[in-house]
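Subject: The structure you asked for

Hi,

Here is the structure, with the sequence alongside. Have a look, and then read on for what turned up in it.

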Amino acid sequence: MTEGNSGQPPADRTPSRGLASSGLDRVRAAARRDPSLRFTALLHHVTPSLLWDAYHALRHDAAPGVDGETWVGYGENLEDRLADLHARVHSGRYRAKPSKRAWIPKGDGRLRPLGIAALEDKIVQQAVAWVLSAIYEADFLGFSYGFRPGRGAHDALDALWVALAERPVNWVLDADIRSFFDTLDHERLLEFVGYRVADRRLLRLLRKWLRAGVSEDGEWSRTTVGTPQGAVISPLLANVYLHYVLDLWVTEWRSREARGEVYLVRYADDFVVGFQHRDDAERCLAAMRERFARFGLELHSEKTRLIEFGWFARENRARRGEGKPETFSFLGFTHLCGKRRSDGRFTVHRQTLAKRLRAKVKKVREWLIAHCHDPVPEMGRWLRSVVRGYFNYHVVPGNWQALATFRREASRAWLWALRRRSHKGRHRSWSRMTRLMETWLPKVRILHPYPNVRFHARHPR
């Protein structure tokens with residue numbers, strides 16, 4: 001069920017006039033009709049109308065790049081600016097600017113490099129990404145879910161749950177690619193894109209973005225590998241790279257080498273592989289390491305694990321005296337071997353990743369303390385939006401306890417902030433806080449259906 005492309009229509013969506021132009025429709029149809037077709041003329045699809053759509057699809061509050069241009073500022077005299085940008089792109093006078101380097105904290109305390117592109121680069125990248133998506137959505141396989149139209153993280157989580165709970169999966173490869181976006185090989189990437197794209201002007205654009213470099217503290221440095229995390233075009237390029245390096249290879253390996261079932265679910269550079277037999281898993285892992293090394297990638301030795309997980313994991317480990325089955329994390333959830341309350345049969349339980357829950361509570365606490373003197377209704381509205389957004393993603397069946405914990409800890413952080421307002425406020429009681437919680441914070445309600453229900457509805461075959 002996780003092998004082929006889904007039956008969903010590959011229609012792209014934008015906030016404005018959309019991409020249902022006859023030109024891109026013809027590109028999409030030709031790509032589906034002939035998987036080996038190379039497109040020699042694509043840049044003419046980047047029209048002023050498409051650039052207008054791309055501008056309005058960007059985040060309005062995003063941080064500016066090295067040009068210092070904001071979304072609102074660029075919107076002044078927008079049509080003339082987009083007409084000039086369109087002319088520069090098609091005449092070859094367009095020059096990509098370096099990405100502005102920023103650092104964001106990771107869950108393990110380290111810093112992750114983030115590249116903030118200039119606004120015009122974002123606009124052109126978004127338009128080109130839509131043109132390329134019309135081709136690659138016909139090529140990408142069904143178990144690839146990251147940054148694709150009509151697909152999201154919960155679709156990947158549903159597919160993984162169905163593979164683990166309803167298919168003969170006994171071993172799970174929890175894989176992590178070391179610094180994927182920083183080590184992606186430029187020449188290999190352009191080679192892969194060249195399998196489908198023969199438009200030299202568009203390939204020249206991609207090369208400009210890859211080699212634009214980064215600017216940190218006013219100093220420019222050259223980039224020979226990698227693509228900036230945060231660039232609009234990066235997710236599509238990452239999908240193209242892993243489509244050829246991983247997806248097609250696993251599909252072929254499964255048909256030729258595996259003696260049992262093999263299921264892959266990938267979201268961008270994060271993927272999980274389920275195996276029926278241990279020897280298949282071990283041989284695939286060894287072959288995968290060799291495959292990645294050929295293309296400049298490496299599996300993280302400490303974060304890549306092969307664990308026993310599935311219907312018989314608990315009994316097998318108990319018989320060997322090895323304790324409970326191991327767990328693994330994927331897209332913010334810890335996956336555990338569990339039993340259904342109704343009949344005691346095997347099922348997969350999912351809980352919010354503990355370190356992410358703690359990190360979110362910490363951010364909420366810091367904001368509330370910094371704004372402890374704001375009016376209570378303003379604090380309540382902000383906290384309600386945060387809790388509702390957190391619930392929208394994490395409220396899946398079986399995760400009620402973790403969400404109740406988040407709501408309770410967020411309320412305690414709010415109480416602590418209110419007690420800091422003044423000496424008199426230190427005596428604010430939990431009973432008064434409970435009334436504020438009932439007024440402002442949404443209650444925990446399971447919002448998502450069971451994953452097999454949603455998965456089978458979207459993949460009826």
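Let me start with Gln 125. Leaving aside neighbours within four places in sequence, Gln 125 is in contact with Trp 209, Ala 231, Val 232 and Ile 233, where contact means heavy atoms within 4.5 Å. You'll find Gln 125 in helix α5; helices (H or I, at least four residues) and strands (E, at least two) are DSSP runs, numbered from the N terminus. Gln 125 is also buried, at a relative accessible area of 4%. Buried here means under 20% relative accessible area, exposed over 50%, and partly exposed in between, with a 1.4 Å probe and protein chains only. From Gln 125 to Pro 48, 77 residues apart along the chain, the C-alpha atoms are separated by 14 Å.

Before going further, some housekeeping. This is a predicted model, so local features need pLDDT of at least 70 and side-chain atom pairs count only at pLDDT 80 or more, while totals for chains, interfaces and linings use all residues. Residues are numbered from 1 along each chain as its sequence is written, and side-chain values use heavy atoms, with hydrogens and water left out.

How confident is the prediction? The average pLDDT of the protein is 89, and 92% of the residues score at least 70; pLDDT is the predictor's confidence in each residue, from 0 to 100. Over residues 1–20 the pLDDT is below 50, and beyond near neighbours in sequence this stretch has 54 contacts in the model.

Now the empty space. Rolling a probe the size of a water molecule over the atoms shows where empty space is left. On a 1 Å grid over the protein atoms alone, a cavity is a set of points where a 1.4 Å probe fits but cannot get out, and a pocket is an open set with protein on both sides within 12 Å along at least five of seven lines; lining residues have an atom within 4 Å of a point. Grid points are joined across faces, edges and corners, and a volume is the space filled by probe spheres set on the points.

The structure holds three cavities of 30 Å³ or more, and the largest cavity has about 90 Å³ of space. Gln 125 turns up again here: of the 14 residues lining the largest cavity, the closest to its centre are Ser 99, Gln 125, Trp 209, Pro 228 and Ala 231. Helices α5 (119–136) and α9 (200–210) each supply at least two residues of that lining. By type, the lining of the largest cavity has nine nonpolar, three polar and two charged residues; Ala, Val, Leu, Ile, Met, Phe, Trp, Tyr, Cys and Pro count as nonpolar, Asp, Glu, Lys and Arg as charged, and the others, Gly among them, as polar.

The second largest pocket holds about 510 Å³ of space. It has 18 lining residues, and Trp 161, Arg 340, Thr 347, His 349 and Tyr 450 are the closest to its centre. Which element gives the largest share of this lining? That is β11, with five residues. The lining of the second largest pocket divides into eight nonpolar, four polar and six charged residues.

Gly 338 is in contact with two of those names, Thr 347 and His 349, and also with Arg 314, Arg 345 and Phe 346, again leaving aside neighbours within four places in sequence. Gly 338 sits in strand β10 and is buried, with a relative accessible area of 6%.

On to the cores. The largest nonpolar core has 79 residues, of which Ile 123 and Phe 271 touch the most other members. A nonpolar core is a set of buried Ala, Val, Leu, Ile, Met, Phe, Trp, Tyr and Cys residues joined through side-chain atoms within 4.5 Å. A second, separate core of 30 residues includes Ala 159, Trp 161, Phe 328 and Phe 333.

Phe 333 is also among the contacts of His 394, a residue of helix α14 (residues 376–394) that is buried at 9% relative accessible area.

Leu 331 lies in the loop between β9 (328–330) and β10 (333–339) and counts as buried at 12% relative accessibility.

Cheers
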